[in-house]
Amino acid sequence: MDVVIGVDVGTGSARAGVFSLEGKKLASCVVATRSWRPQNDFIQQSSADIWEAVCKSVRTAMTELAGKTPVVRGIGFDATCSLVVLDGKGEPLSVDPQGPGAGCHSLADHRAMKEAAEINAGTYDVLRYVGGVISPEMETPKLLWLKRNMPETFVRAGYFFDLPDYLTWRATGADSRSCCSTVCKWTYLAHDKGWDDSYFEAIGLGELVEEKYRRIGDMVRPLGEVVGNGLSSAAAEDLGLTAGIPVGVSAIDAHAGGIGVLGAASGDTLDDKASIAVLP
């Protein structure tokens, strides 16, 4: 029996679904994730806690198919656009200025209100592609806040990930980013296949330009492609799956829901190379 796995990470849980290639849900599991609110407008999470919840949800869902010998043809991830901050070795860095804490700004974290307002006061062309104004929930205001308020952490960081891309990196070890999240939350210009240097220099994040965007994504991939060489051995062990299973380029959770609605309406089926499944 051929199946695909879809993983959806929201603000409070990780949800895994196992689907037939025709899109029928065969099994699912929901595992809660943790959040911390150390002060007003701060909502922090742990990338390690989120990955643990993802793995538990996948393993538990797969146990529902025990005895049916499922063959997993692909796995895909979608998630909220939270900011994950890691050091050069891939270990979490605290984003709490009061001390050790979780290394992930939740989507709903609004600590960067001032930075967002400053950016919106500028006449930056990139804002045309994010609805005309940037939100404090998007990633460049959060990065600017981090640089100003936790400069040592900003300098130490080796990776700044959108949560969906953190999940594919954790699953494969491949440091690529999704066109979906980078365009909608980071101001990547997909039509130009690049970043706008002048924007980052003007708002005070010129070091990202100097390093050729290494920490936020110098390889951006479109939806529908496969990330790296599939599941790494370490991730496969965590998930209870087989190494090498194709991993699809990630998506923002709301956008993945749209893909699911369109797919259901079209009646299309998934072929044997499918690597993205979306929870209904």
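This is a predicted model: local features need pLDDT of at least 70, side-chain atom pairs count only at pLDDT 80 or more; totals for chains, interfaces and linings use all residues.
Are F161 and Y166 buried or exposed, and which aromatic residues deserve attention with them? F161 is buried, and Y166 is buried as well.

## Aromatic pairs

By the ring-centre rule, under which rings of Phe, Tyr and Trp pair if their centres lie within 6.5 Å, the count comes to 13 aromatic pairs.

## Charges over rings

The charged end of R111 lies over the ring of W145, at 4.7 Å from the ring centre. The charged end of R215 lies over the ring of F154, and here the distance to the ring centre is 4.9 Å.

An open sheet is formed by five strands in the order 3-2-1-5-11, and its pairing is mixed. Strands of a sheet pair through backbone hydrogen bonds, in either the parallel or the antiparallel sense. Strand 1, which covers residues 2–9, runs parallel to strand 5, residues 71–79, and eight bridges connect the two; within this pairing, D2 has V71 of strand 5 as its bridge partner. Helix 5, residues 163–172, packs on the sheet, where it touches strand 1, strand 5 and strand 11, and its direction makes about 150° with that of strand 5.

On its other pairing, strand 1 runs antiparallel to strand 2 over seven bridges, with V18 of strand 2 as the bridge partner of I5, and a hairpin of three residues joins strand 1 to strand 2. Strand 2, residues 13–20, is mostly covered, since seven of its eight residues are buried. Strand 2 also pairs with strand 3 in the antiparallel sense, over seven bridges, and in this pairing the bridge partner of F19 is K25 of strand 3. The hairpin of strand 2 and strand 3 has four residues between the strands, and in this hairpin G23 takes a positive phi near 95°.

## Strand 6 and its partners

Strand 6 spans residues 83–87, and five of its five residues are buried. The burial extends to both faces of strand 6, with L83, V85 and D87 on one side and V84 and L86 on the other. Strand 6 pairs with strand 7, residues 104–105, in the antiparallel sense over two bridges, and the bridge partner of L83 in strand 7 is H105. Strand 6 also runs antiparallel to strand 8, residues 157–162, to which five bridges join it, and in that pairing L86 stands opposite Y159.

## Two residues and their contacts

Which residues does S47 touch, beyond those up to four places away in sequence? The contacts of S47 are V84, L86, P92, C104 and Y166. S47 itself lies in helix 1, residues 47–63, and S47 is buried because its relative accessible area is 1%, where buried means under 20%.

L223 is found in the loop between strand 10, residues 220–221, and helix 9, residues 233–239. With a relative accessible area of 38%, L223 is partly exposed. Leaving aside neighbours within four places in sequence, L223 is in contact with S178, C180, V249, S250, A251 and I259. L223 and C180 are 43 residues apart in sequence, while their C-alpha atoms are 7.1 Å apart in space.

Methods
Residues are numbered from 1 along each chain as its sequence is written. Side-chain values use heavy atoms; hydrogens and water are left out. Buried means under 20% relative accessible area, exposed over 50%, partly exposed in between (1.4 Å probe, protein chains only). Contact means heavy atoms within 4.5 Å. Rings of Phe, Tyr and Trp (its six-membered ring) pair if their centres lie within 6.5 Å; planes under 30 degrees apart count as stacked, over 60 as edge-to-face and the rest as tilted. A charge sits over a ring if NZ of Lys or CZ of Arg is within 6 Å of the ring centre and within 35 degrees of the ring normal. Two strands pair if DSSP finds at least two bridges between them. Axes are lines fitted to C-alpha atoms, for helices over the stretch in contact, and angles run from 0 to 180 degrees between N-to-C directions.
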